[in-house]
Amino acid sequence: MKTGFERFFFWFKVAVVFAMAIIFCFLIVKKTGIGGVSYLTEFDEHDKYVQGFYPEGRVEQLEGMQKMNSEPIYLEVYEPKKFSTAKVQLRYKNSAKLAAKFGVKLKGGEWAFYLVDLAGASADFVEQSFEFNLANTERRNNKIKFMLASPAVNDSTEKIYIDKFSIGYVE
Amino acid sequence: MLSEKTKSNALRIVNFLFASCFLFWLILAVFELITPGFAIYYVDLSLFLIVGLFLFFITVMLKE
């Protein structure tokens, strides 16, 4: 016959194993990304899924936004598993109408990027949507890399400001 | 002062927690190596080190 402690210890072990199983299932669900995954940063605090823009010397952190002082600048985003499409929204201010491109890093070389023009040039922030096919995208440690390039920024006194980046992965 | 029986029971609990924490940490670490991002974005793996040290000190105290 089990003593009081033995009974308690048995249920204690069940509870611990159950809790660990729950955590493990939660992690698997997060990794499978059922129904798609989306991440958003407004550059007001450190985001664990979206790292950047970087390098620091080219990007200045302001309150709730980042200022692109020189180019190119990069952003890395965690991708839990391989998705086929990424829908990206970037909100930026390019009041000097500087020619700029935003794109995703592809396989096949250091400078292999698929780039799209930044279309919005206005005194205020504008939001632009991009859709990237991720079939040929380079992935490192389950992260994909984006680049914002604008050679004109280096010589201009006017800069590009970014205050929101969001990404939604679609199967 | 704790009786020998209480100490023995407490040691069993602590040892079980220590073993299960270590095993769970090992599983998460292996999955993290296989597929980066599996655990680190959601579980602080260094927490296991702190819990492990805490349990180790309890074990030492109970054995004295």
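**Close-up views of a predicted two-chain model**

**View 1. Two helices of chain B pack against each other.** Helix H1 (residues 4-34) of chain B and helix H2 (residues 46-63) of chain B lie with their axes 10 Å apart, at an angle of about 160 degrees. That angle makes H1(B) roughly antiparallel to H2(B). Angles over 145 degrees count as roughly antiparallel, under 35 as roughly parallel, 65 to 115 as roughly perpendicular, and the rest as oblique. Axes here are lines fitted to C-alpha atoms, for helices over the stretch in contact, and angles run from 0 to 180 degrees between N-to-C directions. Helices (H or I, at least four residues) and strands (E, at least two) are DSSP runs, numbered from the N terminus. H1(B) passes H2(B) in a left-handed crossing; a crossing is left-handed if the near helix is turned anticlockwise from the far one by less than a right angle, and right-handed if clockwise. Among the residues of H1(B) that make the contact are Leu11(B), Val14(B), Phe18(B) and Trp25(B), and H2(B) brings residues including Phe48(B), Val51(B), Leu55(B) and Leu62(B). Residues are in contact if their C-beta atoms, placed from the backbone, lie within 7 Å. By class, this contact has 13 nonpolar, 2 polar and 1 charged residues. Ala, Val, Leu, Ile, Met, Phe, Trp, Tyr, Cys and Pro count as nonpolar, Asp, Glu, Lys and Arg as charged, and the others, Gly among them, as polar.

**A note before going on.** This is a predicted model, in which local features need pLDDT of at least 70 and side-chain atom pairs count only at pLDDT 80 or more, while totals for chains, interfaces and linings use all residues. Residues are numbered from 1 along each chain as its sequence is written, and chains are lettered from A and ligands numbered from 1 in the order in which they are written.

**View 2. Leu28(B) sits in helix H1 of chain B.** Is this residue buried or exposed? Leu28(B) is buried, with 21 other C-beta atoms within 10 Å. The term "buried" asks for 20 or more other C-beta atoms within 10 Å of the residue's own, "exposed" for 12 or fewer, and "partly exposed" covers those in between, with C-beta atoms placed from the backbone. Not counting residues up to four places away in sequence, Leu28(B) touches Ala39(B), Val43(B) and Leu45(B). Ala39(B) is 11 residues from Leu28(B) along the chain, and their C-alpha atoms are separated by 6.3 Å.

**View 3. Chain A meets chain B.** In this view, 16 residues of chain A are in contact with 15 residues of chain B. Helix H1 (residues 4-32) of chain A supplies the largest share of chain A's side, 10 residues. That side of chain A divides into 10 nonpolar, 2 polar and 4 charged residues.

**View 4. The H1 helices of the two chains run alongside each other.** The axes of H1(A) and H1(B) come within 11 Å and cross at roughly 15 degrees, which makes H1(A) roughly parallel to H1(B). Their crossing is right-handed. Look for Phe5(A), Phe9(A) and Phe12(A), among the contact residues of H1(A), and for Ile13(B), Phe16(B) and Phe24(B), among those of H1(B). This contact has 9 nonpolar, 2 polar and 2 charged residues.

**View 5. Helix H1(A) from end to end.** At 1.5 Å a residue, the 29 residues of H1(A) should span 42 Å, and the end C-alpha atoms are 42 Å apart, which agrees. The expected span is 1.5 Å times one less than the number of residues. None of the 29 residues is buried, so H1(A) lies largely in the open. After the helix comes Gly33(A), whose phi is positive, near 55 degrees.

**View 6. Lys93(A) is a buried residue in strand S6 (residues 85-93) of chain A.** Lys93(A) has 20 other C-beta atoms within 10 Å. Leaving aside neighbours within four places in sequence, Lys93(A) is in contact with Asp124(A), Phe125(A) and Tyr161(A). The C-alpha atoms of Lys93(A) and Ala121(A) are separated by 7.0 Å, although these residues are 28 residues apart along the chain.

View 7. The bond from Tyr54(A) to Pro55(A) is cis, with omega near 0 degrees, and Pro55(A) lies in the loop between strand S2 (50-54) and strand S3 (59-62). Another cis peptide bond joins Glu71(A) and Pro72(A), with omega about -5 degrees. Asn141(A), not a glycine, has a positive phi of about 50 degrees and is exposed, with 10 other C-beta atoms within 10 Å.

Technical notes:
Two residues are in contact if their C-beta atoms, placed from the backbone, lie within 7 Å.
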